[in-house]
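Hi,

Here is the structure I promised to pass on.

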Amino acid sequence: MDNKTQIVFKDILHEEEYEKAIARLNDLLDEIGTNEQHPLYHLLDTLGTIIEAYEIEHYPIPNCHGNDVLAYLMEEHKLTLSDLPEIGSSESGNR
């Protein structure tokens, strides 16, 4: 039995377990992809659910407006409105 099938299903309690779970999930995704008929698909699905529960508790997504998200991403990537002509230019303002 390989280490992909030796996962014990339990809550993820700390960051180290989270990182290991993410690595296992990525390995499973590489092997299975979206093939729901694969024998390990339910393992992948269950592990994803456990990881999601940990992320909801430890990495909550703040409730914010789309403009705030866009402004953050633009700042993070050092973009200006002229870099994103499909949403407007600095001359025309916000749409």
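**What I found**

Among contacts in the chain (heavy atoms within 4.5 Å) between residues at least 6 apart in sequence, 44% join residues at least 24 apart. Before you read on: this is a predicted model, where local features need pLDDT of at least 70 and side-chain atom pairs count only at pLDDT 80 or more, while totals for chains, interfaces and linings use all residues. Residues are numbered from 1 along each chain as its sequence is written, and side-chain values use heavy atoms, with hydrogens and water left out.

The overall layout is quick to tell. The chain has three helices and zero strands, running α-α-α from the N terminus on. Helices (H or I, at least four residues) and strands (E, at least two) are DSSP runs, numbered from the N terminus. Of the 95 residues, 21% count as buried, taking buried as under 20% relative accessible area, exposed as over 50% and partly exposed as in between (1.4 Å probe, protein chains only).

**Helix H1**

H1 covers residues 15–32, and its 18 residues should span 26 Å at 1.5 Å a residue; the end C-alpha atoms are 25 Å apart, which agrees. The expected span is 1.5 Å times one less than the number of residues. Its buried residues are Glu17, Tyr18, Ala21, Leu25, Leu28 and Ile32. Seen down the axis, they fall within an arc of 95°, so they line one face of H1; the arc is that of the directions from the helix axis to the C-beta atoms. What do they pack against? Their partner is helix H2 (41–58). The face of H1 turned away from the buried side carries Glu16 and Asp30, both exposed. Just after H1, Gly33 takes a positive phi of about 65°.

**His38**

The loop between H1 and H2 holds His38. Is His38 buried or exposed? It is buried, with a relative accessible area of 18%. Leaving aside neighbours within four places in sequence, His38 is in contact with Glu31 and Ile32. The His38 side chain also reaches the backbone nitrogen of Leu40 at 3.0 Å.

**The tyrosines**

The structure holds three aromatic pairs. Rings of Phe, Tyr and Trp (its six-membered ring) pair if their centres lie within 6.5 Å; planes under 30 degrees apart count as stacked, over 60 as edge-to-face and the rest as tilted. One of the pairs is Tyr18 with Tyr54, stacked at 4.9 Å centre to centre and 25° between the planes. Tyr18 sits in helix H1 and Tyr54 in helix H2, so this pair ties together parts that are 36 residues apart in sequence. Tyr18 is buried at 10% relative accessible area, and Tyr54 counts as buried at 5% relative accessibility.

Tyr18 also pairs with Tyr59, this time tilted, with 5.6 Å centre to centre and 45° between the planes. That pair links distant parts of the chain, with Tyr18 in helix H1 and Tyr59 in the loop between H2 and helix H3 (66–76), 41 residues apart. Tyr59 counts as partly exposed, at 39% relative accessibility. Taken together, ring pairs link Tyr18, Tyr54 and Tyr59 into a cluster.

Cheers

Key
Polar contact = N/O pair within 3.5 Å; in protein donor to acceptor, adjacent residues only side chain to side chain.
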